[in-house]
Amino acid sequence: MSPDSPLLSLHAAFTRQFFRHMRSLMASPADVANPLLFFFMVVTLFPLGLGPDPERLAAIAPGILWVVALLASLMVSAKLFASDFEDGSLEQLALAPYPLAVLVLAEVAAHWLTTGFLLALVSPLFAIMLGLPEQGLTTLVVSLLFGTMCLTLIGAVGSALTVSIRRGGLLLSLLIIPLNVPVLIFGTTAVAEAVMGGNPASWLALLAGLALGSLVITPLAMGAALRVSLDS
Amino acid sequence: MWSIIHKMGSPPWFFRFSGTLVRWLLPVTISLLLVGAFWGLLVAPPDFRQGNSYRIIYIHVPAAVVALAGYYVMALAGAVSLIWRIKMADITMRAAAPVGAVLTAIALVTGAIWGKPTWGAWWVWDARITSMLILFFLYLGVVALFQAYENKTAAARACAVLSLVGTVNIPIIYKSVDWWYSLHQPASIKFTGESAIDSSMLYPLLLMILAFYCLFALTVLLNMRADLVWAHRESSWLKQLAGGA
């Protein structure tokens with residue numbers, strides 16, 4: 001931005017940052033497809049490890065799908081800020097006359113759309129392969145939509161904390177996994193409830209509440225963490 | 001009020017002050033531990049169902065209580081260090097994390113040892129055990145994050161952010177694990193701690209909890225002093241102290 005150009009509104013800055021990140025994510029479709037492939041392959045491992053008994057698989061399908069979704073989000077979180085940190089664009093963001101939390105949130109939103117959101121959309125496919133009863137499918141998708149939002153936001157805090165550390169990947173999982181426990185519990189319980197014919201609305205509401213709460217709190221933590229990472 | 005806080009931020013003042021504190025706290029902690037252990041292990045009556053095996057409660061419960069409180073101490077110190085950039089708060093946080101992790105580990109191990117005769121299994125996925133395990137991971141995360149940063153000022157601030165996020169999350173984790181447990185388990189296994197505890201067993205327990213708080217404070221203070229000595233090993237005030245002593 002040249003010095004005399006007028007300052008964008010916060011909203012415009014957010015949108016611009018969102019689309020900038022979206023374009024850079026779309027530039028490498030393989031990176032978008034990889035987490036989905038990972039999801040697919042790990043789901044395949046479970047029947048191989050546990051045996052093909054459809055009843056047993058169906059009984060633990062909610063847990064499998066959710067744990068694998070959590071692992072997939074962990075995997076992609078590691079790279080969330082890496083390229084921006086390496087090429088210096090994070091430093092530019094930190095210098096920009098907007099709150100860092102808002103700009104970072106735009107990136108995280110783009111990131112979620114290409115990972116968690118897609119994962120939630122394709123999850124019924126894997127659920128059917130595991131024999132999850134049909135009445136659980138909608139709940140699975142909805143729970144994963146809210147749940148991956150939480151996972152992505154929490155993962156982004158971890159990523160912001162570890163981006164300046166070499167080999168931060170394993171550390172990242174240590175930081176994030178304990179924080180993700182409630183998301184996993186609410187998500188699997190919602191799906192299990194729906195499969196048993198109950199009403200999962202309260203669990204989905206809890207997940208949505210967690211997602212909204214994280215939406216408010218985690219960007220501040222990301223901003224603070226990124227400034228620490230840039231200083232170190 | 002403010003002058004005390006400013007003094008707290010000065011390493012030489014804190015070093016002298018903590019020295020006095022440690023001299024008082026050390027005998028108090030040791031006598032509390034001895035009296036509490038003697039009372040709990042020898043004087044208190046055996047449990048009518050568990051016999052003598054329940055006596056591990058005098059280690060297990062204090063460790064668990066202080067481990068949880070320790071996380072809040074750490075997070076509070078983290079908040080102070082983030083907001084006011086007070087160096088001593090950094091050092092407090094860094095000193096509290098490993099102590100809390102060890103206390104959590106003690107609570108987990110003694111819980112397993114207690115579980116074997118009581119429930120017949122070393123490990124049961126009970127709500128409290130699971131929450132404690134997650135607390136252990138949270139502590140390990142802070143310790144590991146601190147180790148990973150080369151620049152220790154940045155490390156302290158990163159750990160402060162992490163422990164604050166953890167603090168917001170801990171009540172949610174506890175509640176969710178509680179629900180998870182009540183959904184998946186029939187209420188066949190129950191902690192004896194739930195039922196009313198007789199005062200002849202309760203008083204030594206309270207004494208041990210107090211002793212463990214003192215022990216926590218003492219260990220954190222000693223840890224901080226060790227950190228200070230290392231950080232200021234070249235500075236003149238420390239050399240003067242060492243020369244004078």
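Start at the boundary between chain A and chain B, where four residue pairs are in polar contact, both residues at pLDDT 80 or more. A polar contact here is a pair of N or O atoms within 3.5 Å; within protein, one must be able to donate a hydrogen and the other to accept it, and residues adjacent in sequence count only if both atoms are side-chain atoms.

This is a predicted model, in which local features need pLDDT of at least 70, side-chain atom pairs count only at pLDDT 80 or more, and totals for chains, interfaces and linings use all residues. Residues are numbered from 1 along each chain as its sequence is written, chains are lettered from A in the order in which they are written, and side-chain values use heavy atoms, leaving out hydrogens and water.

Next, select Arg157(B) and Asp231(A): they form a salt bridge, with the closest N and O atoms 3.3 Å apart. The count between the two chains is one such bridge (a side-chain nitrogen of Lys or Arg within 4 Å of a carboxyl oxygen of Asp or Glu).

Now widen the view. In contact (heavy atoms within 4.5 Å) are 27 residues of chain A and 26 residues of chain B. Together the chains bury about 2200 Å², 84% of it on carbon and sulfur atoms; this is accessible area (1.4 Å probe) lost on being put together, summed over both.

Finally, a word on confidence: the model scores ipTM 0.87 and pTM 0.88.

Definitions and conventions
Buried area is the accessible area (1.4 Å probe) that two parts lose on being put together, summed over both.
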